[in-house]
Amino acid sequence: MDINAQKILQDTFGYSEFRGHQEDVINTAIAGNDALVLMPTGGGKSLCYQIPMLVRPGVGVVISPLIALMEDQVNALTQLGINARYLNSMLTSEEARQTEREVLDGSLKVLYIAPERLLQPRTISLLQQATISLFAIDEAHCVSQWGHDFRADYLHLNVLQEQFPHVPRLALTATADTQTRQEILMRLGLQNSHVFVSGFDRPNIQYRITHRENGNQQLLRFLQNEHPNDAGIVYCLSRKKVEATAEWLQAKGFNAVPYHAGLPMETRKRHQSKFLREDGVIVVATIAFGMGIDKPDVRFVAHLDLPKSVESYYQETGRAGRDGEPSTAWMVYGLQDVIKLKNMRADSQADEQFKRIEHQRLESMLGLCEIISCRREALLHYFDDDEAKEHCGNCDNCINPAERWDATDATRKALSCIYRTGQRFGVSHLVDVLRGQDNAKVKQHGHQSVSTFGIGNDLSADQWKSVYRQLIARGHIQVDSEAFGAFKLTDKCRAILRGEETISLRKDRVELRSKKSSRTSSHVSDQDRDLWEALREKRTSLAKEQGVPPYIIFGDVSLMEMMERRPATSKQLLMITGVGQSKLEKYGEAFLSVLAEFNGSANVTSSFDSEPSADKVESYLESLALLKAGMDVPMIAKQRGVKEKTIYVHLEKCIQEGELEIQDVVQLPEEDIDRIRDALFANSDEENHIKLTPVFEDLGGAFTYEVLSCVRAELLREM
Ligand SMILES: [Zn+2]
């Protein structure tokens with residue numbers, strides 16, 4: 001490893017070690033080679049180019065389509081003591097000239113620029129006079145003409161290769177299937193470059209998809225139960241629905257704002273900045289919102305409508321939990337979504353090939369909604385990420401497995417009802433006929449005398465709708481947009497109607513209610529709450545003074561660690577994730593004095609007193625996330641490179657906090673746990689202190705100290 005890179009990572013950025021492919025990518029770029037980097041959101045993409053830009057001589061140029069975010073990105077680097085600027089249309093000409101001077105005199109290290117600006121002859125000539133350390137092409141998937149983020153300017157970026165043949169180039173993206181990857185390599189002239197593909201897994205995101213009953217009420221329950229004070233995004237398909245939902249959430253007491261392309265520029269700017277700069281704001285938005293939104297502490301992304309493709313779903317849900325903390329991707333969807341999306345597509349003016357690709361994408365999305373196996377596995381499989389395990393333990397299908405039922409008979413009835421009524425009707429009428437509803441429309445068409453009339457009384461109307469929805473998703477039924485959404489049979493139906501094939505469908509069910517998926521804001525323990533609030537207040541006031549978002553001062557991860565580890569000196573504060581030299585100088589004193597106020601209080605110990613070897617910053621929540629992702633203790637220990645004992649300490653803390661049950665950690669029969677509990681109880685004193693050695697002896701050494709202390713943690717929680 002390049003010594004400088006390691007030192008910059010620690011001293012400037014405040015991290016103790018590289019993650020995933022970061023180190024390899026950085027070495028490649030420092031050595032002057034090109035690379036394509038696919039890294040999931042929150043995987044630390046920007047470090048991959050920022051560190052080489054600091055190590056190599058000259059100024060590094062970051063090409064990004066996201067002008068609105070450049071200011072925050074530059075602010076974040078400035079906080080770290082790095083000379084960074086941006087060039088775009090938002091600057092005055094004097095500011096732009098100043099930036100250009102710093103490019104030329106070599107004092108600037110990082111320059112953010114939009115592709116259209118870069119391609120201007122004036123800019124190219126400016127850069128030709130300067131020393132360039134590296135070109136980083138961010139959001140590189142914008143080069144793909146089939147993608148929804150296509151930017152024509154990106155097609156001209158091969159100019160870099162022609163004009164600056166000796167400057168290394170990094171193309172980076174968080175989303176790209178195999179086809180898009182090939183397109184990026186080809187269009188940017190990177191055929192001979194290294195390709196780094198990190199797993200697409202976002203283990204801290206919990207995926208949940210459920211059928212819609214009453215979307216708004218379901219959303220409200222979800223927010224009230226799990227994210228009452230958290231920042232999040234709610235996606236809707238139409239502008240009208242965005243506004244209605246935002247108003248409704250406001251009326252329910254949430255700090256919610258609408259965002260869509262039809263709002264005045266001023267309003268959009270104001271709402272985006274509110275989301276970035278205040279805590280606990282919910283943005284209700286169309287897909288116009290969010291690309292590149294760099295807010296690390298978004299705790300949930302909720303979809304009230306079905307996204308158009310798995311790519312969109314992955315990208316949109318990926319805006320949650322960039323800081324690696326537990327977050328939720330929650331979605332409701334129903335039959336109407338499917339019909340609406342299919343109609344939108346049929347109406348569009350796009351050419352046939354485009355429509356066909358869109359069609360396949362929608363089918364995959366529907367498939368993801370209806371599967372009964374692990375959602376994460378399916379999602380990762382879609383991106384050709386073969387790291388996927390069969391059972392992630394952190395999606396609704398894993399936590400609360402869906403049931404199947406033999407729907408062969410029901411399917412036959414549903415399909416033949418379409419056939420008997422002439423393939424001219426939509427779902428409500430078909431269900432009415434099946435259930436023998438003798439209403440006006442049925443009479444008008446004489447459908448009370450077709451053979452399928454009243455043969456479906458064994459199922460409720462909702463159950464029939466569920467059958468139809470799944471049959472559309474599976475491609476047995478086609479929705480004809482030119483005939484007002486009439487259902488038509490496809491060739492796939494033949495085998496079922498002839499009795500040659502059976503079919504089992506997913507049982508719709510009441511939604512999973514996860515206990516505690518997020519630990520921030522609403523889940524800080526009571527005794528820590530005051531300190532947590534004090535740290536956040538300090539952060540907010542510093543952020544306000546400087547006109548930057550709070551997370552640019554310190555992320556939630558850093559504050560959580562301060563709360564848990566209680567650093568008391570500058571040296572200890574430096575060990576906290578995200579605290580580097582520059583931030584220590586700027587804010588060290590301010591946060592240490594907040595911590596000092598609380599260090600006097602009862603039953604608080606600094607983890608630095610008891611763990612002299614704590615040179616590596618660890619958080620028990622990472623262990624928790626890994627456990628929830630299906631790993632056992634030895635695996636977690638190996639993955640994190642620490643002793644199993646340490647992992648038990650983490651999990652013990654999780655049990656104490658109510659994040660875990662004892663059975664999640666210790667695989668023992670009920671009787672054994674009871675035996676341990678009895679022994680612990682017998683050895684507790686009046687103040688509920690329990691020493692483990694006598695317990696260990698009472699049980700004849702049958703259980704390890706790690707197991708005993710985990711059971712103790714649960715017992716104490718209940719006491
Ligand atoms: Zn799963």
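**Close-ups from a predicted model**

**View 1. Helix 30 meets helix 31.** On the helix 30 side, Val633, Pro634, Ile636 and Ala637 make the contact, and their partners in helix 31 are Glu644, Ile647 and Tyr648. Sort these residues by class and you get 6 nonpolar, no polar and 1 charged. As for the geometry, the axes of helix 30 (residues 633–640) and helix 31 (residues 644–656) come within 9 Å and cross at roughly 110 degrees. Angles from 65 to 115 degrees count as roughly perpendicular, so that is what we call helix 30 relative to helix 31. Keep in mind that this is a predicted model, here and in the views below.

View 2. Glu714 sits in helix 35, which covers residues 705–718. Is Glu714 buried or exposed? Count the other C-beta atoms within 10 Å and you reach 23; the cut-off for buried is 20 or more, so Glu714 is buried. Skipping neighbours within four places in sequence, Glu714 has contacts with Ile655 and Ile662. Ile662 is 52 residues away along the chain, yet its C-alpha atom is 6.7 Å from that of Glu714.

**View 3. Helix 13 under cover.** How many of the 8 residues in helix 13 (residues 310–317) are buried? The count is 8 of 8, so this helix is mostly covered. Zoom in and you'll find Val310, Glu311, Ser312, Tyr313, Tyr314, Gln315, Glu316 and Thr317 on the buried list. The cover includes strand 8 (205–211), strand 9 (232–235), strand 12 (300–303) and strand 13 (327–333).

How values were computed
Residues are numbered from 1 along each chain as its sequence is written. This is a predicted model: local features need pLDDT of at least 70, side-chain atom pairs count only at pLDDT 80 or more; totals for chains, interfaces and linings use all residues. Helices (H or I, at least four residues) and strands (E, at least two) are DSSP runs, numbered from the N terminus. A residue is buried if 20 or more other C-beta atoms lie within 10 Å of its own, exposed if 12 or fewer, and partly exposed in between; C-beta atoms are placed from the backbone. Two residues are in contact if their C-beta atoms, placed from the backbone, lie within 7 Å. Axes are lines fitted to C-alpha atoms, for helices over the stretch in contact, and angles run from 0 to 180 degrees between N-to-C directions. Angles under 35 degrees count as roughly parallel, over 145 as roughly antiparallel, 65 to 115 as roughly perpendicular and the rest as oblique. Ala, Val, Leu, Ile, Met, Phe, Trp, Tyr, Cys and Pro count as nonpolar, Asp, Glu, Lys and Arg as charged, and the others, Gly among them, as polar.
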